[in-house]
Amino acid sequence: MTRSKSDKHPEASARRGFLRTSLLGGLAALTAGRSQAEPAPLPVPPWTHHPGAGVGSAPYGQPSSFEKQVIRRFLPWMRATRESSVSFTPLADLHGIITPSGLHFERHHAGVPAIDPAQHLLVIHGLVEQPLKFTLQDLLRYPAVSRVHFIECAGNGALEQRGAQLNKVQYTHGMISSSEWTGVPLRLLLGESGLRKGARWLLAEGADAAAMARSFPLDKALDDALIAYAQNGEMLRPEQGYPLRLVLPGWEGVANVKWLRRIEVGERPWEMREETATYTDLLPSGKARQYTFIQEAKSVITSPSPERPLPGKGAQVIKGLAWSGEGKVKRVDVSFDGGRNWRTARLTGPVLDKSLTRFEIDWDWNGREALLQSRAIDETGYVQPSYRELRAVRGTASMYHNNAIQTWLVHADGEVENVQLG
Amino acid sequence: MSNWAKGLGLICLAGLGGCQAPDSTSTPTDTRHYGYGQPVSAMELSSWDIDVGPDGAGLPPGRGTADEGEPVYLEQCAACHGEFGEGMGRYPALVGSRESLTTDRPSKTVGSYWPYATTVWDYVNRAMPFGNAQSLTADQVYGITAYILAMNEIIDSDTEMNAQTLPQVRMPNRDGFITATGTDIHAPVCMTDCVQEVKIVSRASDSALARQGE
């Protein structure tokens with residue numbers, strides 16, 4: 001053991017000495033209880049004897065071969081085609097607040113185009129003083145902004161709105177991912193084109209075979225909208241819109257148009273199919289809420305979860321994710337008795353605007369059935385609703401923007417099941 | 001309102017679409033002009049500028065009736081959407097389910113849900129047929145749109161759809177939408193004794209969907 005500065009300080013040194021003795025005592029008591037025979041020395045594995053692969057063996061590094069189960073998954077029966085479908089992020093296997101780019105959930109409406117950036121342009125036109133076209137190289141010359149934001153599909157949890165369905169947090173909540181996005185603020189490019197009288201809404205359109213198109217208000221364009229070309233330090237992945245995507249922080253995924261090629265400035269929304277026929281929230285009255293852009297505060301416990309059963313009773317650290325499309329997560333409460341009583345969890349940080357946020361709370365499990373829930377509160381004071389509260393307003397058919405509190409039933413054997421409470 | 005909005009000389013009011021450019025055209029005052037973009041002409045934009053608004057803005061010249069659209073629909077669309085727009089397998093139905101929106105199993109089709117006929121034109125023109133998008137002529141899109149509207153009994157089979165008539169079509173669910181302003185859910189914060197009865201009402205282990213597996 002190397003000597004540290006604190007050895008010069010008798011007080012600190014004495015405290016450490018005490019800690020060491022009590023720790024050793026505790027360990028000795030534990031091992032004594034477990035086995036009588038003296039355990040064999042720890043093994044020295046082959047990789048400690050022989051050198052491993054040399055530099056350059058993996059020009060683009062991959063995860064360890066022991067992490068093969070950490071992948072996006074999809075449900076073949078969910079949609080008519082794989083080209084218009086979704087794959088889910090393995091939330092229970094991830095750490096921190098950045099989703100590895102290759103594990104970012106996918107939602108495409110006509111597959112992933114293989115776009116040659118040399119043949120791609122962004123045009124800005126409509127109610128502007130000067131319609132402009134930009135190559136990727138042009139955009140790379142502008143001042144760059146990098147921000148960590150989540151993107152969540154409005155349909156995340158849609159299947160669960162009628163009742164508990166799928167037994168993996170990957171499927172119940174995996175249409176959310178979080179990245180550091182780098183690009184040019186849209187307001188800067190609108191400054192380049194200028195705006196004409198009456199400009200109020202914008203249309204963003206992709207170059208994919210769905211020509212995905214969504215309207216969004218000018219306020220957002222001037223606030224924090226980003227024309228992103230990079231994700232987590234490298235150019236966007238094809239699945240995330242290479243070479244350009246719109247990032248509307250905190251707003252439903254579909255409005256963050258991928259493979260972005262065109263922005264038109266106009267006076268009113270365009271009433272595109274993906275903002276009328278789909279991505280509108282049908283209420284029990286038969287009327288539908290439209291332009292429900294914001295992904296409101298939500299959270300989920302990722303450990304334990306169906307993928308992460310409890311190994312045994314005793315001390316547990318409950319871990320999860322919280323987020324809000326309206327700003328920072330202020331607080332997360334956790335219940336172990338189905339929402340009867342709540343305790344406030346600790347946010348482990350970093351806590352960023354419109355970004356995934358980690359929470360943890362300690363729990364002593366007595367080995368009996370328990371109903372675990374988490375509830376996020378954001379800096380605007382918005383409180384994540386229970387299913388009862390959500391359904392009282394939205395019924396069971398609104399599908400989109402389901403941010404209700406998730407319940408995990410921990411069985412006596414530690415297995416975890418997705419359930420809903422009445 | 002952000003400083004940037006002020007820089008662009010905008011006027012912003014509360015609510016969605018609250019910012020608006022003022023009467024006089026504006027140039028940003030607190031942003032630097034870099035000028036890396038190149039001017040783009042209307043001619044260049046014509047192949048990309050395909051959007052159609054609810055007022056019909058953007059509809060190209062051309063025409064078609066349901067009778068004219070039917071053979072094109074049967075050849076290009078029916079394999080997935082069905083001869084009568086009923087939808088094959090998991091492909092979406094384009095017809096029917098009127099009056100279903102308040103039921104337990106609402107079904108959203110062009111006839112039951114879509115608020116604007118112009119959206120049918122825009123979507124078919126930009127994204128269909130799936131697998132060969134943006135391959136139809138304007139006349140074909142007018143004809144197919146008319147055919148879908150006629151199958152939904154919204155227009156007659158010999159009514160011509162063109163840039164003037166299409167925006168006039170009143171869709172059955174035209175008044176079915178409310179623009180969201182702010183949240184509709186206000187949950188309380190309670191810490192102790194928050195619910196009387198805790199009862200499990202549904203479980204993944206009982207779900208037919210979960211049994212379909214992966």
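Visitor: How many residue pairs are in polar contact across the interface of domain 1 of chain A and domain 2 of chain A?
Guide: This is a predicted model, in which local features need pLDDT of at least 70, side-chain atom pairs count only at pLDDT 80 or more, and totals for chains, interfaces and linings use all residues; side-chain values use heavy atoms, with hydrogens and water left out. Residues are numbered from 1 along each chain as its sequence is written, while chains are lettered from A and ligands numbered from 1 in the order in which they are written. A polar contact is a pair of N or O atoms within 3.5 Å; within protein, one must be able to donate a hydrogen and the other to accept it, and residues adjacent in sequence count only if both atoms are side-chain atoms. With both residues at pLDDT 80 or more, the number across this domain interface is 23.

Visitor: Which elements give two or more residues to the side of domain 1 of chain A that touches domain 2 of chain A?
Guide: Helices (H or I, at least four residues) and strands (E, at least two) are DSSP runs, numbered from the N terminus. By this naming, the elements of chain A are β5 (145-152), α4 (169-173), β6 (176-185) and β13 (281-282).

Visitor: What area is buried between domain 1 of chain A and domain 2 of chain A?
Guide: An automatic or database domain assignment sets the bounds, giving domain 1 (103-289) and domain 2 (298-420) in chain A. Contact (heavy atoms within 4.5 Å) joins 36 residues of domain 1 to 35 residues of domain 2 of chain A. Buried area is the accessible area (1.4 Å probe) that two parts lose on being put together, summed over both. Carbon and sulfur atoms give 53% of the total, which is about 2900 Å².

Visitor: Which three residues supply 24% of the area that domain 1 of chain A buries against domain 2 of chain A?
Guide: No other three residues of domain 1 supply more of this area. The residues are Gln161(A), Val169(A) and His173(A).

Visitor: Which residue forms a salt bridge with Asp224(A)?
Guide: A salt bridge is a side-chain nitrogen of Lys or Arg within 4 Å of a carboxyl oxygen of Asp or Glu. For Asp224(A), the closest N and O atoms are 2.9 Å apart, and the partner is Lys354(A).

Visitor: Why is the pair of Phe336(A) and Trp363(A) stacked?
Guide: The whole structure holds 15 aromatic pairs over all chains, and rings of Phe, Tyr and Trp (its six-membered ring) pair if their centres lie within 6.5 Å, with planes under 30 degrees apart counted as stacked, over 60 as edge-to-face and the rest as tilted. Phe336(A) lies in the loop between β17 (329-335) and β18 (343-344) and Trp363(A) in strand β20 (residues 357-365) of chain A, so the pair ties together parts that are 27 residues apart in sequence. The ring centres are 4.6 Å apart, and the pair is stacked because the planes are at 15°.

Visitor: How many salt bridges lie across the interface of chain A and chain B?
Guide: This contact takes 116 residues from chain A and 94 residues from chain B, and the area buried is about 8700 Å². One salt bridge joins Glu417(A) and Arg203(B), with the closest N and O atoms 3.3 Å apart. The number of salt bridges across the interface of chain A and chain B is nine.

Visitor: What is omega for the cis peptide bond that joins Ser303(A) and Pro304(A)?
Guide: Most residues other than glycine have a negative phi, and most peptide bonds are trans. Pro304(A) has its place in the loop between β15 (298-303) and β16 (314-323) of chain A. The bond that joins Ser303(A) to Pro304(A) is cis, and its omega is about 5°.
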